[in-house]
Amino acid sequence: MQLEMPEQQEESHFYDEVESDQEKISKLHKQGFAPKQIAKVLKMEHGEVELIVNMLKKKKSYQK
């Protein structure tokens, strides 16, 4: 049982990091930054940022 807890904590921490990256990308995109600029600022891959921006756009279109 003790062996599972650190793995769960690491997994939880991983999702927190992913979520915070998505929030940062969302905020920068809303401010008018292009995916290429966001990738450079956050030191992430351009394709990853572009994918997240596209998902955010699609999510927004479904909410209308």
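These legends go with close-up views of a predicted model.

View 1. Read from the N terminus, the elements go α-α-α. Of the 64 residues in the chain, 16% are buried.

**View 2. Helix H3 takes in residues 46-63.** How far apart should the ends of an 18-residue helix be? At 1.5 Å a residue, H3 should span 26 Å, and its end C-alpha atoms do sit 26 Å apart, so the two figures agree.

**View 3. H3 has a buried side and an exposed side.** Which residues of H3 are buried? They are Val 49, Ile 52 and Val 53. Looking down the axis of H3, these buried residues fall within an arc of 100 degrees, so they line one face of the helix.

**View 4. Helix H2, residues 35-42, packs against H3.** Two packed helices are described by the angle between their axes and the distance between the axes. Here the angle is about 125 degrees and the axes are 8 Å apart. That angle makes H2 oblique to H3. As for handedness, the H2 and H3 crossing is right-handed.

**View 5. Here are the residues where H2 and H3 meet.** H2 brings Pro 35, Lys 36, Ile 38 and Ala 39. H3 meets them with His 46, Val 49, Glu 50 and Val 53. Val 49 and Val 53 turn up again here, having already been listed among the buried residues of H3.

Methods:
Residues are numbered from 1 along each chain as its sequence is written. This is a predicted model: local features need pLDDT of at least 70, side-chain atom pairs count only at pLDDT 80 or more; totals for chains, interfaces and linings use all residues. Side-chain values use heavy atoms; hydrogens and water are left out. Helices (H or I, at least four residues) and strands (E, at least two) are DSSP runs, numbered from the N terminus. The expected span of a helix is 1.5 Å times one less than its number of residues. Buried means under 20% relative accessible area, exposed over 50%, partly exposed in between (1.4 Å probe, protein chains only). The arc is that of the directions from the helix axis to the C-beta atoms. Axes are lines fitted to C-alpha atoms, for helices over the stretch in contact, and angles run from 0 to 180 degrees between N-to-C directions. Angles under 35 degrees count as roughly parallel, over 145 as roughly antiparallel, 65 to 115 as roughly perpendicular and the rest as oblique. A crossing is left-handed if the near helix is turned anticlockwise from the far one by less than a right angle, and right-handed if clockwise. Contact means heavy atoms within 4.5 Å.
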